[in-house]
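Colleague: I am new to this one. Please walk me through it with a few questions.

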Amino acid sequence: MCVATIIVIMARKRSFSLLFDPEVKKHLQSIEAKYHSLIRTTIQEQLEYEPEAETRNRKPLQRPLGFEATWELRFGPDNRFRVLYTTDQEQREVQVLAIGVKEGNRLWIANEEVEQ
């Protein structure tokens, strides 16, 4: 009897750099501080390796929202938080352009309602 051993080597995925628009700091200031850790962790987990992989909570935007964002990430209690971002595959960068709170069918970024 002959036993064969097969070794599978998985290539490590190259991560994307996460860049934040300077305005994002203002956006975070309008969100309760107790959620900042959740927001930071989720952005890293969800956008560092496959920012353009469509999932239930990560989708391409059907129409721009004025931030030049092409993607939206939803998360948090009742999916209330939104991260609007764009990617550059060639440079392997994710540019986070806005972070907001969804209340009902309204999106608030830095305490201002954004037209959707």
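What follows is a short exchange on the fold and one of its strands.

Colleague: What pattern does the chain follow along the sequence?

Modeller: This is a predicted model. The chain holds two helices and seven strands. Read along the sequence, they give the pattern β-α-α-β-β-β-β-β-β.

Colleague: What share of the residues counts as buried?

Modeller: Buried here means under 20% relative accessible area. The chain has 116 residues. The share that counts as buried is 30%.

Colleague: Why is strand β3 largely enclosed by the rest of the structure?

Modeller: Strand β3 covers residues 71-75. It is largely enclosed because, of its five residues, the number buried is four.

Colleague: Which residue in β3 is the bridge partner of P60?

Modeller: Strand β2, residues 58-60, runs antiparallel to β3. Three bridges join the two. In β3, the partner of P60 is W71.

Colleague: And in β4, which residue is the bridge partner of L73?

Modeller: Strand β4 spans residues 81-88. It pairs with β3 in the antiparallel sense, over five bridges. The partner of L73 in β4 is V83.

Colleague: Which residue takes a positive phi in the hairpin of β3 and β4?

Modeller: Five residues lie between the strands of this hairpin. The phi in question is near 95°. The residue that takes it is G76.

Definitions and conventions
Residues are numbered from 1 along each chain as its sequence is written. This is a predicted model: local features need pLDDT of at least 70, side-chain atom pairs count only at pLDDT 80 or more; totals for chains, interfaces and linings use all residues. Side-chain values use heavy atoms; hydrogens and water are left out. Buried means under 20% relative accessible area, exposed over 50%, partly exposed in between (1.4 Å probe, protein chains only). Two strands pair if DSSP finds at least two bridges between them.
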